[in-house]
Amino acid sequence: MLVALMPLQGQIAIGKWRDHLSFTSVNHVEPASDRIYAAGTMGMFYYDTEEMTLNLMTKTSGLSDIGIATFAYDAASHYLVIAYSNSNVDLVKDDKVYNISDIKRGSIDGSKTISHIRFYNRRAYLACDFGIVVINLARHEIENTYHLGKQGNHYAVRDIAFHKGNIVAATEIGLASAPQDDPYLNIETHWNWDSGSILAGRPI
């Protein structure tokens, strides 16, 4: 499907705000039921495939921040999860926005960049520069944080996958995995580091 981007204009009442943002550069697109979401640097919009309309999603219209780093949609829970470049996070469902600012406000040494978002069992798994953050979508809260490392060193997680009962993390020093149902994934030693494949020890 081809969607043409056009300026959205119209009359505005006195005392109201209007967005003047650039959406000519789109860096991510995600299909979601009867919508197709797309994000630029300053905000998002979605194309309603039934109404055939373009609709803006910006800080003025309800989002909590600007500067979108990545986003993803979970078909099982119908939540859209948006991660901003400053590590703020929005959960969006039925056009309601639930903000989770814990990572943004947290006193974490080093970068807090969120690279990717994956879903499993109605939870969002955020691949961050300091580890993995698990968000319980139904409760709108952070449920767990996993720091992956060796001997006290924590490594950036670039992406996450779920495979044959395991959670697999692609990190800056290679692949790490653990059983999905392990209740102690917050303990470094419960993760197994790849040492036998051609990717062993390589940044991903």
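**Salt bridges and an antiparallel sheet in a predicted model**

In this predicted model, the side chains of R139 and E141 meet in a salt bridge with an N to O distance of 4.0 Å, a salt bridge being a side-chain nitrogen of Lys or Arg within 4 Å of a carboxyl oxygen of Asp or Glu. R139 is exposed at a relative accessible area of 58%, whereas E141 is partly exposed at 36% (buried means under 20% relative accessible area, exposed over 50%, and partly exposed in between, with a 1.4 Å probe and protein chains only). Residues are numbered from 1 along each chain as its sequence is written, and side-chain values use heavy atoms, with hydrogens and water left out. Local features need pLDDT of at least 70 and side-chain atom pairs count only at pLDDT 80 or more, while totals for chains, interfaces and linings use all residues.

A search of the whole structure finds 6 salt bridges. Among them, E143 and R123 form a pair whose closest N and O atoms are 2.6 Å apart; because E143 lies in strand β12 (residues 141-146) and R123 in strand β10 (residues 123-128), this pair ties together parts that are 20 residues apart in sequence. Strands (E, at least two residues) and helices (H or I, at least four) are DSSP runs, numbered from the N terminus.

Strands also build an open sheet of 4 members in the order β5-β6-β7-β8, with antiparallel pairing, where two strands pair if DSSP finds at least two bridges between them. The edge strands, β5 (68-74) and β8 (96-100), each pair on one side only. Strands β6 (residues 79-84) and β7 (residues 89-93) pair over 4 bridges, and I82 stands opposite D90 in β7.
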